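Reader: I have a structure open and some questions about it. Can we go through it piece by piece?

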Protein chains: 2
Amino acid sequence: MKHIGTAVILSGPSGVGKSTVCSHLFKARPGIGFSVSCTTRSPRPGEVDGVAYHFLNKDEFQSKIEANAFLEWAEVHGNYYGTLKEEVKPIVMAGRDVILDIDVQGCRLVKTSCENDPVLRCSIISVFLVPPSLEVLERRLRGRGTETEEAILRRLGNARREMEAWREYDYVIVNDEAEEAARRLEAIIESSHLRTTVMDEEPWIK
Amino acid sequence: MKHIGTAVILSGPSGVGKSTVCSHLFKARPGIGFSVSCTTRSPRPGEVDGVAYHFLNKDEFQSKIEANAFLEWAEVHGNYYGTLKEEVKPIVMAGRDVILDIDVQGCRLVKTSCENDPVLRCSIISVFLVPPSLEVLERRLRGRGTETEEAILRRLGNARREMEAWREYDYVIVNDEAEEAARRLEAIIESSHLRTTVMDEEPWIK
């Protein structure tokens with residue numbers, strides 16, 4: 001069945017294990033893409049333009065904002081970050097899936113920016129990855145052993161605030177075990193391909 | 001995660017293979033229930049009340065219609081058939097899933113009858129099972145070898161008309177291979193449990 005691919009907004013607090021879940025997912029489904037964001041920050045040594053990020057200067061970024069070219073964008077510590085519609089749309093139109101690593105605020109912006117785009121609107125689903133509890137998240141953050149007490153407490157406070165937005169998402173996955181969480185994400189993506197809203201043919205009536 | 005179970009409306013034209021797909025599904029997920037309908041027709045030899053059907057007389061059926069107790073009901077050849085809300089609701093409230101074998105017309109009625117029931121409204125999803133093509137359906141109907149040419153043509157005409165309603169459903173599954181179709185139905189059911197709309201707890205914030 002020909003169908004539009006799925007763009008999965010994947011959000012979750014710092015420390016929840018998003019990248020581990022994604023690496024299990026990509027292993028199980030090598031066809032799934034990961035969108036490359038734009039940024040105005042300078043490339044770090046070894047970062048290739050178009051791989052880690054699309055590196056833009058502030059004027060370029062600003063003109064894309066004005067052209068409504070971003071699915072979502074944000075300013076963080078004086079630098080701009082954003083996901084271009086034209087980065088995502090060709091992928092889903094080819095029937096492929098793509099993961100968008102976007103935060104709660106970005107997810108809200110995506111909904112607005114896609115309102116008038118019939119392809120992106122029906123291709124996007126949103127998934128919130130959460131820990132089994134705040135205690136587990138705290139244990140994971142402490143387990144890294146790389147952060148000060150203050151940084152850990154700040155992250156936990158942010159996580160709690162962020163997680164309050166879970167009802168704005170289509171799906172929630174509790175990351176009790178990364179491989180199992182990836183399997184659930186796979187089921188969500190697979191079922192998304194069977195939605196009537198993303199089918200553009202009806203061979204069964206032919 | 002505690003969640004409301006899913007009530008799956010499964011529709012599809014005669015001959016598409018619904019019961020084979022369901023038997024694969026029930027084998028893979030023995031916990032899934034199948035709702036028992038009500039009917040005013042007389043029990044056939046061997047049919048036990050409450051197993052094949054709940055057998056009601058016409059007055060009983062009529063008073064349940066007036067009490068808005070049915071998810072959907074229809075009159076077929078002078079007999080009434082219907083699915084009671086109270087048959088489905090306790091199942092999904094216990095977190096279990098249930099398959100509802102309901103046709104296109106019934107599916108439309110379900111949407112109306114659940115409008116004001118917050119539990120049923122969010123627990124119901126609709127899946128349309130279709131053949132890969134009308135030719136395949138014709139081949140399957142002829143393969144049974146039990147029907148007259150006239151009956152086969154009537155079934156095909158009905159199938160074509162019924163299948164035109166596929167966009168009214170949440171999902172379409174093409175039944176090219178029954179076990180694979182059952183696996184897709186499983187993915188739909190699994191993902192339905194992860195919808196934020198059916199979650200009634202948020203332990204990750206505790």
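Reader: Which residues touch the most other members of the largest nonpolar core?
Author: This is a predicted model. In its largest nonpolar core, which has 106 residues, A:Val127, A:Val172, B:Val127 and B:Val172 touch the most other members.

Reader: What does A:Val172 touch, leaving out residues up to four places away in sequence?
Author: Within chain A, A:Val172 touches A:Phe128, A:Val130 and A:Trp166. From chain B, the residues touched are B:Leu194, B:Thr196 and B:Met199.

Reader: How do chains A and B relate?
Author: A rotation of 180° with 0.0 Å of shift along its axis puts chain A on chain B, with an RMSD of 0.0 Å. That is how a two-fold axis relates two copies.

Reader: Which C-alpha of chain A is nearest the axis?
Author: That of A:Ala187, at 2.4 Å from the axis. Both copies use the same surface, as 100% of the contact residues of chain A recur in chain B.

Reader: New topic, the sheet. In what order do the five strands of the open sheet come?
Author: In chain A the order is E2-E7-E1-E8-E9, with parallel pairing. Strands E2 (33-34) and E9 (171-174) of chain A are at the edges with a single partner strand each, so one side of each has no neighbour in the sheet.

Reader: How many bridges pair E1 and E7 of chain A?
Author: Four, between E1 (residues 7-11) and E7 (residues 98-101) of chain A. One residue to look up is A:Ile9, whose bridge partner in E7(A) is A:Leu100.

Reader: Which strands does helix H3 of chain A lie across?
Author: H3 (residues 85-93) of chain A lies across E1, E2 and E7 of chain A, at about 155° to E7(A). Helix H4 (residues 104-113) of chain A lies across E1 and E8 (124-130) of chain A, at about 150° to E1(A).

Reader: And E5 and E6 of chain A, parallel or antiparallel?
Author: Antiparallel, joined by six bridges. A:Glu72 has A:Thr83 as its bridge partner in E6(A). E5(A) and E6(A) make a hairpin with two residues between them, and A:His77 in the turn has a positive phi of about 50°.

Reader: What about B:His77, buried or exposed?
Author: B:His77 is exposed, because 5 other C-beta atoms lie within 10 Å and 12 or fewer counts as exposed. Its phi is also positive, near 50°.

Reader: Where is A:Asn68?
Author: A:Asn68 is in the loop between helix H2 (58-66) and E5 of chain A. Phi of A:Asn68 is positive, about 60°, although the residue is not a glycine. A:Asn68 is exposed, with 10 other C-beta atoms within 10 Å.

Conventions: Residues numbered from 1 in each chain as written. Chains lettered and ligands numbered in written order. Predicted model: local features only at pLDDT ≥ 70, side-chain atom pairs only at ≥ 80, totals over all residues. Pairing = 2+ DSSP bridges. Contact = placed C-beta atoms within 7 Å. Axes fitted to C-alpha atoms, helices over the stretch in contact; angles between N-to-C directions. Least-squares fit on C-alpha atoms with pLDDT ≥ 70 in both. Core = buried A, V, L, I, M, F, W, Y, C linked by C-beta atoms within 7 Å. Buried ≥ 20, exposed ≤ 12 C-beta atoms within 10 Å, placed from the backbone.
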